Amino acid sequence: PYPTLFRSRETTALVQAYPDNKILIVTHAYVAMMSRDRDAAQREFAKAAAMDPKMAGQLYAEAAQLRQAGVWPLALQEYFCALWLKPDDHRPYFGIGMVYSKMGQTEPAIHALQQFLRREPPGDFAEEARQELIRLQSPH
């Protein structure tokens, strides 16, 4: 997983020192994303994706394991990184929605699950997403 304790200045220095380290590049991209520096985040995620086209899928798989283990903040971080690496992949939206739901953050959960379903995904996750949306949107 990717540490979030760094500041942009620190990750910039690390990436400059180790320009071929894709983990550092993704960490730097994540820090930029959390700092709301969208341009830097997109640039760094694109660089990491070009270095390793399979990285988004690997992060998605790691995020799913973290979600199943109940390590929700790290799972969320990995899902967001996977989504930024491969924006056309619908799967991270499902994970993001389910993690937010587990964390009690209803509005972001609903938004992510709706994004997932808008992409018309095949399979069982679509039904699970629909059921979770019904649960989240029903009056308690």
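What follows is a set of questions on labels, each answered with a value and a cut-off.

Tutor: Keep in mind that this is a predicted model. Start with the overall fold.

Student: What makes up the secondary structure of the chain?

Tutor: Eight helices and zero strands. Read along the sequence, the pattern is α-α-α-α-α-α-α-α.

Student: How do you know that the radius of gyration of the chain agrees with a compact globule?

Tutor: Set the value against the rule. For 140 residues, a compact globule would have a radius of gyration near 14 Å; the chain has 16 Å, which agrees. The C-alpha trace spans about 50 × 25 × 25 Å along its principal axes.

Student: How many of the residues count as buried?

Tutor: Of the 140 residues, 41%. Buried means under 20% relative accessible area.

Student: What share of the contacts with a separation of 6 or more comes from residues 24 or more positions apart?

Tutor: They account for 46% of those contacts.

Student: Now the helix pairs. What describes two packed helices?

Tutor: The angle between their axes and the distance between the axes.

Student: Why are helix 6 and helix 7 called roughly antiparallel?

Tutor: Helix 6 covers residues 91-102 and helix 7 covers residues 106-118. Their axes cross at roughly 160° and come within 7 Å. The cut-off for roughly antiparallel is over 145 degrees. The angle passes that cut-off, so the two helices are roughly antiparallel to each other. The crossing of helix 6 past helix 7 is left-handed.

Student: Which residues make that contact?

Tutor: From helix 6, they are Arg91, Tyr93, Phe94, Ile96, Gly97, Met98, Tyr100 and Ser101. From helix 7, they are Pro108, Ala109, Ala112, Leu113, Gln115 and Phe116. By class, the contact has 10 nonpolar residues, three polar and one charged. Gly97 is in this contact, and glycine counts as polar here.

Student: Why are helix 4 and helix 6 called roughly parallel?

Tutor: Helix 4 covers residues 55-69, and its axis crosses that of helix 6 at roughly 25°. Roughly parallel needs an angle under 35 degrees. The angle meets that, so helix 4 and helix 6 are roughly parallel to each other. Their axes come within 11 Å. Helix 4 passes helix 6 in a left-handed crossing.

Student: What meets what between helix 4 and helix 6?

Tutor: Gly57, Tyr60 and Arg67 of helix 4 meet Arg91, Pro92, Phe94, Gly95, Met98 and Val99 of helix 6. The classes are five nonpolar, two polar and two charged.

Student: At what angle do helix 6 and helix 8 cross?

Tutor: At roughly 35°, with the axes coming within 11 Å. The crossing is left-handed. Phe94, Met98 and Ser101 of helix 6 meet Phe125, Glu128, Ala129, Glu132, Arg135 and Leu136 of helix 8. That contact divides into five nonpolar, one polar and three charged residues.

Student: Now single residues. How do you know whether Glu132 is buried or exposed?

Tutor: Its relative accessible area is 12%. Buried means under 20%, so Glu132 is buried. Glu132 lies in helix 8. Beyond its neighbours within four places in sequence, Glu132 is in contact with Met98, Ser101 and Leu113.

Student: What makes Gln131 partly exposed?

Tutor: Gln131 is also listed in helix 8, which runs over residues 124-137. Its relative accessible area is 43%.

Student: Why is Thr106 called partly exposed?

Tutor: Thr106, in helix 7, has a relative accessible area of 30%. That value falls between 20% and 50%, so the label is partly exposed. Thr106 and Leu133 are 27 residues apart in sequence, yet 9.5 Å apart from C-alpha to C-alpha.

Student: What makes Arg36 exposed?

Tutor: Its relative accessible area is 76%. Exposed means over 50%, so Arg36 is exposed. Arg36 sits in the loop between helix 2 (22-34) and helix 3 (38-51).

Student: What is the phi of Arg36?

Tutor: Positive, at about 65°, although Arg36 is not a glycine. Most residues other than glycine have a negative phi.

Technical notes. Residues numbered from 1 in each chain as written. Predicted model: local features only at pLDDT ≥ 70, side-chain atom pairs only at ≥ 80, totals over all residues. Heavy atoms only, no water. Axes fitted to C-alpha atoms, helices over the stretch in contact; angles between N-to-C directions. Helix = DSSP H or I, 4+ residues; strand = E, 2+ residues; numbered from the N terminus. Parallel < 35°, antiparallel > 145°, perpendicular 65-115°, else oblique. Left-handed = near helix turned anticlockwise from the far one by under 90°. Contact = heavy atoms within 4.5 Å. Rg over C-alpha atoms; globule rule 2.2 N^0.38 Å. Buried < 20%, exposed > 50% of the residue type's maximum accessible area, 1.4 Å probe, protein only.
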